[in-house]
Each structure stands twice: as structure tokens, then as C-alpha cells.
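Subject: Handover of a structure and notes on its contents

Dear colleague,

Please find below the structure that I am handing over to you. I would be grateful if you could look through it before reading the notes that come after it.

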Amino acid sequence: MPMDNAVDTEHNDRSKMYKNSGKPDDLRRRRVETSVELRRQKRSDDLMKRRNINLEQDSEESDAQESIGESTKNKTPVRITPEEARNILLNNPSLEQMQFAFEQIRRLLSINNNPPVDDIINAGLVEALVKALEVQDRKVQFEAAWGLTNIVSGTSDQTLIGVRAGCVKPLVPLMFSDDIPLAEQAMWAIANIAGDSAQLRDHVIQNGVIPALDCLMSKLEKLPKITQRTLAWTYSNLCRHKNPSPSVEVLRLLAPGLAKLISVDDEQVRIDSCWALSYLTDGPDENLEVALKAGVIPYVVDLISSSAKDQLAVPALRTLGNFATGSDLMTQVVVDSGILREVIPRIIKTRSNSLIKESCWLVSNVIAGTQAQIQASIDAKLVTLMLDGDAKSQFEASWAVANLVHGGTIPQVCTLYKANGLAVMCDLLKSKNVEVLCNMLDSIKAVLFALQAISGDKLENAKEQIEECGGLDSLEALQQHENSRIYETALGIIENFFSNDETDEEKENGIAGGDTNMQFNF
Amino acid sequence: MSELVQILEKTVSGVPTDQTAALEFLKQAATNNFPEFLKQLSVVLASTETVHYVRQAAGLQLKNVLVAKEEETKSIFKERWIALPADVRQVVKENVIRALGTETTRPSIAAQCINAIAGIEFVYEQWLNSIDILMSNVTNPSSTEKLKESSLEALGYMCQDIISPAIEAKANPILTAIVHGMRKEEPSDHVRLAATNAMLNALELTKQNFENPDERNIIMQVICEATQAPHSQIRVTALQCLVKIMSLYYNFMEQYMLRALFPITVEAMKNETDEIALQGIEFWSNVCEEELNLAAEAEEAQEQGIAPQHVSRHYAKGALPHILPILTQTLTKQDEDDEDEWIPAKAAAVCITLLAQCTQDAIVEQILPFITQHFGNDNWHYREAAIMAFGSILEGPSALILHKLVEQAIMPLIGTLNDAHAAVRDTAVWAIGRICDTCADLVTRPETLQSLIPALFTALHQEPRVAFNVCWAISSLAKAAYQVAAEQGTDENGEPATYILSSVFQQMVDELIKTTDRTDANTANLRIAGYEALMELIKNSPQDCYAVVQQTTLIVLKKLEQLLNIEHSLVSASDKAQLRDLQSLLCATLQSVLRKMHREDVPAISDPIMAGLLQIMQRCVGKESGGVMEDALVAVTELITVMGVQFGKYMDQFKPFLLAGLINYEDPQVCLAAIGVLSDLCRAFEGQIFPLMDEFMAHLLKILENTTVKRTVKPHALGCFGDIAIALGANFARYLNTTMDWLVNAASAAQISNPDDIDQIEYVELLREHCIAGFTGIVNALRGQNELALLLPHVQNMVQLIDMVARSGSLSSESLQASACGLIGDLVTSVGQPILPIVETEPILQMLQKCRRSKHNKAKTLAQWTTREISRVKKQV
């Protein structure tokens, strides 16, 4: 029985990478895969044919969005190259020729694998597409808007090329069109541009996208679901990005629309508008006031408490969490919403990690507020809950604890002891994160001082707890820490509270790096 | 006992008759009184008075009745051992443990016996204290060298072979022993080596220990110290540990990289012992691979808008200026002859390839001086190394930089095809092939081809190793030329009218066929490469080369005939293996020719093709020639596709082979190919296949019922139901209930229970894909008014599968989601309004919307069509 042949196999794998030596095996495998792939293709073509028979039967019902559906399979598409399209367009084209050329360009841009975006750009067709937006023909405008959508949804460079060619200016008026698919297509392109960066977002705003959105909002009830969804997504892109964030004036204009969208009975619309709100509220108090005035809070709270799905609850929680980061007045909005009492505890007990994290973040910011706000959190037993959670929520909880000891009254600080928090706090002393360590050391110190002020018995009991759970070992180890604040605080705690106890036994067990000869505690 | 000793002595006597008799005796003893036999063997193994080779033989016999390679025997052995009375097992265990350290030979057979016993007992949570015994054997200061060494060997085997939570729970004592044995204070190299070997095997078990900084420090410290041991095998193994740690625990390595790992591995790369240098290089190749994976992970995370779970520290980029000079220097240490041996020069080339992929543009500037300086060096070692370095960086750098680099290099490189030294020409032609893969437009310029083509033809007549790489270069060149031409426009089959190689196409085909006929084509895989190039050439041929392609068919057929005639005269195993390869290749060539063949030209040639294929299949029967059979079946499939229902005239002769293929469970590839042929027959014959179907269907069901067939085969049988249904239409009703049972069963079993288990996700995807294909075919087959009633009871089950696909979100591929959308459309079309409440649910509507917005054409088309069907049906009030 040879010890290990990992060496051989490892060389075998590598040697296949040397020059062409791995190729023969590789190709045999690929041949088989090709025949499987061809068969899959045949199967799918066959089905397409069968389905298209039905498709043709009612082809009069031709919505532009759906025209792709039939045409790709029915007639073999006449593919023309970007050069050829350019030639058609340069030679005084008729309307039919323009329709044809722009449809072809759009088709090229819709190929799944590597659409020739750069070829189209190099052939100078982006400028042509932009001009086409102003041709007074619905088909030409639609194809051009679609083609541009596919260009600006590419890489950032490609987006920029579309913008530099001036596409935003003529796209915006199309959003006012009564032809809803056309308006949506234009909006789609705009949304892609706005989503690219803060600068491009401001660029579309300067070009009057907000009135165009207002116009679409005025028809909201009549819009198809898909368009409503694209609309919400556009709003979210307009609120997104920092450095700089959108100005508060802009947000003030967007907020009424968002308030309307968030009440639409469609999950995707709500998700996107809620994300928009979370971006909007990620800023100074004046932003928070905008959201508050728009009256969205009841909807947000409702989403948090009633959505079974994380996709909805996360942006909603984030929005409310942003309020908790604001002034005491804004934080009070969270407390007044009543969410701390039942909803948040339920989430912390039962939901996914990402929701728990959001919730803990929210709570820790509430605890950073007034003593009354701290008391609201304590009354809801939130600190206890967070500390009882798993490692991830404990990490978040460490911030809540730190906030509590900084802003809380002595009895409030003592709740940490009552909630059996010391063991968890000691556990966090093993963390590598300097901030977490500082927070925990300060918190432990604060709890011990608070207990000292209240009752000697409880202090003794707390000290025992710290010793039993290995916290004292951690404190001693932290005296060696390179960060001066950490070792000083650790030292301070030991000198103040533990200097009388003899701790020879512990020392024996400590593991110092270098000595490998001992019986260590694996 | 003395009788047993004598018998055991005979097993190693070297006299064949004695050996046979002895083995027969042992077999009898094992059947007559197994417990006693085992006890006796263990007694002999442990008895220090007995001569060493007899003890070894006893250990070997003992081990051989405890473990076996083959799964079935293994589990029989396992049950036999665990069924023994506890006292018997106890005696054996005590004896094997007692034998440790008393053996005079290496490696310890007692250690292997302990591993064999533990492998069974640990599953039942028993004998876990054996690990504590082994640990104290190692840590006890009074233990002998042999005792420590063999105990560590035993631990090493256990870590390697036993996969059970029980051994993970024992990671701490195992590590304590290993670390103790690895210490630099350990005076015995044997002990230290055994410990290091054991560490290499134990690394997977030590996840928890690596998460603890103190314990991690100790492990890293002993391993790093072992890389400096005087004994070179210890160093090699310790370096292997570092390589493996880099894969397993990349994210913990930051604190060790600069101070320890970097200097240790760089020194190793420079070491003159090949094995050590190889591990040093492997360390960095492995870093590159890890970081390439991390880059892919980061990209994927960015697309999904989430933070990646693990982050790259870009060690490769940081180390580049320091390790690249060592690697290029290593490139110059090639062997005189081209041996298959794995040497540092080759490993360095692979490492540079990976570094280029990992560091992209950064490598170009740093390696360029070496390339230009040595391209014309008088010493061939340096010339070859320079070209090797160049060819190795062609994948990674950005297109623009690459283009500039290659534009300057291509003509001088073609010039080196005249080099005096074969190794230089070999590498140069390989590098040209790489250029064809990466810079299609440059290599297909007329002025380049004017020099390149004659140079390639000349090189095709040179040493087999050179000609081998020429074949690959021709493959790549053909692909490049075809790709460039196709971008200019194609007909409805996707073929361009002509391409730049058209004028030399005939000559290329001729030259390649001549190459496959070379008497030395057996060496260096030349013949395989020649055929592969021929196939690639045919596959990538434009319309104006069709006549040559057609003519190639005749040549291939003639060769096939010759081959079949000489087959019986071949006797040696290697001749026969060669023949099988050749048959496979000819079948494969037929596949590619047939794929290009125009329908109207097929009748003239189908008889000889089918006759040849039937003969080949005939000869495969009962032999281990699965590969040939598979290729022959795929060739038949191509023939069916071009001939359509005309293929019927061969069915009587062909059917037995197809049926045999369908029950060839030992060879899953053949079975899969046979299922594929059946699918294609359905498409070609449509309703006319009905009379044959009972028999085929019975065979498909047998595949699904079989418990030994590889699990990836079954989904394909399910998908085939769909093709059969489409072919039979209303007649499929006959098979409806049986096939539905299997499909529903499989669909409900296709669940993702662990989103991190890639194998599971892949298998579920495969299963769902084929279930949907099966359902889709059936829905389409039962479209008639009378059949609808048959379909209705099954609708709910189909929607359930669609719902599961939708709920899996991005765990389902876009293509699978597209197929699911198509099935919804089919169901809506067939069933009409009543189905709407169960398909207009949140997950399904979301999937439809996602697919409508997809960049993937099939997904977009199907989702849009389905959405339209839904709204059409809604309006029919």
C-alpha cells in the first residue's frame, strides 16, 4: 500500500497543461459533448417549429416587444454587417430601408454571445441610432431605442459612448409618448445610463427625466405590470450612487412617485421602490425628512412585518435602519413605529442572517439614541436576544452593547449582566478586530463598574462568571496586545477587579507560539 | 502455529507450485475457521521469534481478508469482520498493536493492518482509542524509533483512507502525535518523514485547528521547519504540505506569506534537486490557480451585486518580479531528448502560463527582455526557453498588448521552424498554434500565410514530436480562418462561401492523410493528432471546399476496409490497442464528414458507410472496446440525421446492436450513445417507429430500473420519452402511465438540499432538464381533443416541477428556465384557461419576466411566446 500517490496525480494534471500533451484526451471528450449538444439543439428546434405554428395563427396581435419571438425562428434572419448597415444609411435611405437597417442593427446587438457592440460603435452607428430617435416613425424610433438600450447596458465604456453621442436628450421626449412600449423602451435605456454612475445619473436628471417620469406616473394604473416594474427600477437607479448623492431637491421631486409605487400590488415593483427608498434615506436628516413627509413609513413598516420574503424585507429594514442613524427625532420615528416590540424580536429569532444583520444594525443605532430610546430596546428584550444569537448576530450585537454602555444609565448597563451577556462579551474578546476588542473591553469595564456601584454580591458573581467562561484568560492575553488602548484597558480591568486572585494555574495552560515540545490543547 | 508458519513461508518461496498450494491452503483455512485463522495470523505477525518475511506474509494475508479494492467485496469483508465475536477481534487488535515497532522491515505491515481494522471499526464508532494508543506511542519518550515511525505510518494511512466523522473527532490526538514526530528536535529522519507524510494526509481533517491562531501557528511552524530538514524527502513532503495548505486554507496564509512561505518556496525553486524544485514551482502554480478561481468568484459576485465570500490577496502578482527570473532560468534546463519525465523546465513553462492568466498585462514587460535576449542565442537551450516563454504568455494579457507583441514576433517565429534543433522547432510550432488560437486576424493575413503554410508542410515531415504539434497548429489555423470568414457573412447553415485557406485545402487534407500513414505515426501520438486535425479541417470548411470533403469520405472508407482486413493478423495487445484507437478515429472522421454532407449526396455512399460501421460494431461485441462502439454509434446517428426515414433499410441489421447498447450498463458512454441514437431515430422515422417501440421502450425502462448503472445515464432515458412521444403522437397513449410515473418520480426527487454542493446542483439540473424534455414532448404529442383528458391528471405534477425550477432562482441555468417557460406555454396552449390559476403564481411569473429580459435568445423567445399564449388564452372568454 503506497503511502500517497497525490504527487503522481498532481503531476499528471499539470503535465496535461504542458504544450499540447493534454489535447488528444480533451478532444475525444469534446466530440462526445458535441454530439449531445447537437441533439439538444435539434430537440429544441423541433419544439420551436411546433410552437411557432401556433404563433403564426394569431400573428395580427403584434406587440412590438413580442415581435422578436416570431421573427428569430420563422424566417432565417438576413444578417447584414455593421458596414452594410452603414452603407444603407449613408445613401439617402427610404423609410423602409431605414426600418430595415435599424432592425438589423438591433438584431446584431441582441445576439447572445458576444454581440458585436464594438464593431457597431466603430462603424459610427451609435450616432446614427441617436439621430434615428428623432425620425418621425414609430418603428425606427423603437428599434433605435432598443439598440441603444443594448449598447448602454454593456460595459461602462460602452455606456459612456452612447451618452457622448448624445442619446439622452432625444430619449427623454420619447418617454412622454402615448405608445407605451416605445416609452418603456426609452425609459429602459435611460435607467441603464442612470444606473452606471453618479455623474451619468445627474446627466439624465439635467436632461429632464423627472418630468418624463411624472408623465408616466400619471398613467400608472393603466400601465402593464412590466412597465410598472421598469418604472420602479428606474426610480431606484435615480436614487442610487454616492459621491455625490442626488441632491435633496431632486429627491423631493422623486419621493411622491415612490410613495405611489410602493403601494402598487406587485412584489417586484415594491422591491425596487423600496430599494430606491433605502438609497434615498441613506443620507443626512433632510433626506429622511423627505421620505417622512412623503408618507412612506407606514408602507415600509408594513413590508417589514408582513413580507415572508427577504427580498422585500431587506430594503424595507434598511430604510427604517437609516432613520435610526439620524437625529434623536428621526430615531424616534423608528421607536414610534412600534416595530421594536414584536416584529424585530420575531425576525431575530426566526429569519435569515441578512435580515438578522439588518435588524441588529437598526437596534444598535436605536440604542445609540436617548435613554428613553435605549429603554425601549431593553423593554423589548432586544439586547438579550441579540446576545443569544449565533456568531454573526453577536458581532453586530457588540456594537449595540458598546452603544448601551456609553449612553445608558447604570441600571440600563446592568441589564447586560442580568441578561447573561458577560459570557458572550468575553467570548468576543477572542476577536481579531481591534474595534470589537475595544468595544468589548470598555463594555466589560463599564458593566463591572456599574455592578460595583449597585451591589458587591453581584460584582463578585460577575467576576466569577468572567473567570469561569475563560474571559480572564483572554484579558490576560490581551495585556500582550500591540494596541496600547487594548492592553491598557485589559490591564485596567485586571488591576481593578482581579488583582487579588492568584492565577498560577491558568498560566500553565497558556499557549505561547514557539515551544512545540509540549502537550498542547488541540 | 508452526504449520501456518510453514505455509506462509511457501507463499513467498518463489516456487510457483508451492505458492499455489500454499494459497489454496490459506483459502481453505479462511473458510473452515475464520476466527481462528485471523487470530493465528495476528499471532505470527506479532511473534518476534519468527523470521521477518513470514511475519510480513502473515500481515499481508491478514490485511487481504480485511480490505479489498472492489466495493462489493469490501463491504462483504466489512460485515464479516464486524460479525466476529468481540473477544476474537480484541485478540487480533492487541496483536497488531503489539507488533508495531517490532518489525525489522519497512514499511510496517502492522500499520497497514491497523488501518484496515480501524477502517471498519470507526464506522461503528469502535476502537477509537487506537488513536490514543498510537499517539502515546509517538509522544512517549521511551518509545523506540521503529515504534514511533510505524505508529505515525498507521496514523497517516488512517487519515488518508478513513472518511468518517469519527476520525474528524480525533483530529486533536492525531495532530499531537504528528506535530511531535515532525519537530526539528526529532533525531530520526525516519520518524520525521513518517510524521510529515502523515501531516500531508491529515491536512483536510484540521479545519478547526487552522481556525485557531495558536494551533495554526504551531502546525505552520513545524511544517516550515521540515522544509529545511537535511533529508530531502522530508523537505519534498513538507513542501507538498504547503502546496496543499495553500488550496485548503488560502485565507489564513497572509501572516505567513512574506516571512515564511515566500522565502521557503523561492529557495526551493532554485534547489538543484528536481523533486524539491518541482514542489517550489508547484506552490506558485497552485497559488495562481487559487487566485484565478478567486477572480472568477469575485466577478460572479459582482454580477449578482453581492460581496464575494473569499478574496484574493494577489500573491502571484506580488511575487511575479521575484519568481519570474527563476522560472525563465529553469526553462533552460531541458533534457537533451524529449522524455515524458516531468522535470522543472516543463513545470516552469506551465507555471508561467498560469502566471500570465493571473497577472495579465503585468507579465509582458517583465518577461520580454528574456525573450528578445535569447531568441537568437547560440545555445539551443536558451533559444527554446525564449520561445517557450513567449508561447506561454499568449493567454492573459489584453488583446491590444497581445496584438502588438505577436505582430512583431510572428515572422521571426516562422523562421525558427528551420532551426537545427528539433526541440526548438517543436516549441516554435506549438507557439504558432497558440497564436492561431489567440490572434486569428493576424495569422490569417495573406503575407503571413505565404510563409507559414509551406513552413508547416515541411515541418509535418519532421520528427514525430514536431509533426504532432504541426497537426495541432493546423487545427487551430483552420478554426481561425473559418472564424474570420464566418464573421464576414454566411449562408443559412452558418457556412461562409469561401475562406483564405480554400486554395490550399486539398493539399492540407492530403498532407494530413499522408501523416497518418507515416510508419512512425504510432510515436508521440502523431496519428491521433493527424486525424484530429483532419476532422477539425472538415468541420471548419467553407462551401467551396465541399468537393474535397466528399472525396475524403471515400478515402476514410477505404482505410476502414483495409483496417478490417488486417485485424485478424494482429496479435500483440499494443497492436490491438492501436487498432482500436484507429477505428475510433475513423468513425469520428466519418461523423464529421457526414455532418457536412449534403442530403442529396448521401444515398450514393450510405451503403458502404453503413456496411463498414456494422462490421466495426460486430467486432466490438464481447471485447473491451467501448470507445470504438461509442464512436460507431455516434457515426450511425449522423447517418440517420442525413438519411431520415431512408435509414429504415438498415434497421434489421442495426437493431441488435442498438438493443445491446441500451443494456450495456457497464459502459455508460455506450449506453448514453445508444439512447441518443434512439432519440434521433424517433425524429427521423416519426410515426413509422411505432411497430418497433415496445421493444425499445422495454429497454429504456430497464435502464431506469437498474441499480448499478451510472446515475448520469438515467436522466437521458427520461428525456428520450419526450422524443418518442413526439414521434408517436396520439399513439404514445399506450406508454403514457408508465413513463409518467417515472418522470414524476424523478422530478420530485430532483431537489437541491445543499446549495453549496456543486455535484448535486449539476445532477439536479440534468435531471430536471430531461424531465422537462420528457414532459414537453408528451404534452406536444397529446394535443388532440381525445388525448387531452389523458393528459389532465398529470398537469399538476408538471407544474410542480416548473415551480421548483422557478424557486431555485439562479441555481437553475438560464437554459433550464427557458425550457420550463416553454413547457408552461405548451401547457397553457393545451389546457387553456383552467390552468391559469396554477401557473400565474409569483415564482413562475417572476421567472417568465426574468427570461423575457434575458440576453439569451432562446430564453427571451420562449418567455415572450409563453407570455403571449397566457394573454391570448385569457382573452378567450
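The notes below describe what was found, beginning with the chains and moving on to individual residues.

Please keep in mind that this is a predicted model.

**The two chains**

Chain A has 32 helices and zero strands. Of its 522 residues, 52% are buried. The accessible surface of chain A is about 23,900 Å², and carbon and sulfur atoms account for 49% of that area. When contacts in chain A between residues at least 6 apart in sequence are considered, 69% of them join residues at least 24 apart.

Chain B contains 43 helices and, again, zero strands. Its length is 877 residues, of which 58% are buried. Its accessible surface amounts to about 36,100 Å², with 52% belonging to carbon and sulfur atoms. For contacts in chain B with a separation of 6 or more, residues 24 or more positions apart make up 71%.

In soluble globular proteins, nonpolar side chains tend to be buried together. The largest nonpolar core in this model has 333 residues, and the members that touch the most others are Met199(B), Phe647(B) and Phe654(B). Helix 26 of chain B, residues 464-487, gives the most to this core, namely 14 residues. Domain 1 (1-126) and domain 2 (128-226) of chain B each supply at least three residues to the core.

Which residues does Met199(B) touch, not counting those up to four places away in sequence? They are Leu175(B), Ile178(B), Val179(B), Met182(B), Ile219(B), Val222(B), Ile223(B) and Cys241(B). Apart from this core lies another, of 156 residues, and among them are Ala85(A), Met175(A), Leu448(A) and Ala490(A).

**Aromatic rings and charges**

Over all chains, the count of aromatic pairs comes to 11. One of them joins Tyr250(B) and Tyr315(B): the ring centres are 5.4 Å apart and the planes stand at 50°, so the pair is tilted. This pair links distant parts of the chain, since Tyr250(B) lies in the loop between helix 15 (232-248) and helix 16 (254-270) of chain B, while Tyr315(B) belongs to helix 18 (residues 315-331), 65 residues apart. Tyr250(B) has a relative accessible area of 6% and is therefore buried; Tyr315(B), with a value of 11%, is buried as well.

Phe647(B) and Phe654(B) form an edge-to-face pair, with 5.8 Å from centre to centre and 85° between the planes. Phe647(B) is buried, at a relative accessible area of 0%, and Phe654(B) is buried at 0%.

In chain A, the charged end of Arg138(A) is over the ring of Phe142(A), 4.7 Å from its centre. In chain B, Arg80(B) lies over the face of Phe34(B), at 4.0 Å from the ring centre.

**Features of the backbone**

A cis peptide bond joins Asn243(A) to Pro244(A), with omega at about -10°. Pro244(A) is located in the loop between helix 14 (225-239) and helix 15 (248-261) of chain A. Another cis peptide bond, between Arg106(B) and Pro107(B), has omega of about -10°. The loop that holds Pro107(B) runs between helix 6 (86-99) and helix 7 (109-121) of chain B.

Gln360(B) is not a glycine, yet its phi is positive, near 50°. This residue is found in the loop between helix 19 (344-359) and helix 20 (361-374) of chain B, and its relative accessibility of 43% makes Gln360(B) partly exposed. Asn525(B), also not a glycine, has a positive phi of about 60°. Asn525(B) occupies the loop between helix 27 (502-517) and helix 28 (526-539) of chain B and is partly exposed, with a relative accessible area of 39%.

**Two further residues**

Is Gln462(B) buried or exposed? With a relative accessibility of 18%, Gln462(B) counts as buried, because the limit is under 20%. Gln462(B) lies in the loop between helix 25 (446-459) and helix 26 of chain B. Leaving aside neighbours within four places in sequence, Gln462(B) is in contact with Leu417(B), Arg425(B), Ala467(B) and Arg518(B).

Asn496(A) is placed in helix 31 (residues 484-498) of chain A. Its relative accessibility is 48%, so Asn496(A) counts as partly exposed. The C-alpha atoms of Asn496(A) and Lys445(A) are separated by 9.3 Å, although these residues are 51 apart along the chain.

With kind regards

How values were computed
Residues numbered from 1 in each chain as written. Chains lettered and ligands numbered in written order. Predicted model: local features only at pLDDT ≥ 70, side-chain atom pairs only at ≥ 80, totals over all residues. Heavy atoms only, no water. Helix = DSSP H or I, 4+ residues; strand = E, 2+ residues; numbered from the N terminus. Buried < 20%, exposed > 50% of the residue type's maximum accessible area, 1.4 Å probe, protein only. Contact = heavy atoms within 4.5 Å. Areas by Shrake-Rupley, 256 points an atom, 1.4 Å probe, with all protein chains shown as cover. Core = buried A, V, L, I, M, F, W, Y, C linked by side-chain atoms within 4.5 Å. Domains from an automatic or database assignment. Phe/Tyr/Trp six-rings, centres within 6.5 Å; stacked < 30°, edge-to-face > 60°. Lys NZ or Arg CZ within 6 Å of the ring centre and 35° of its normal.
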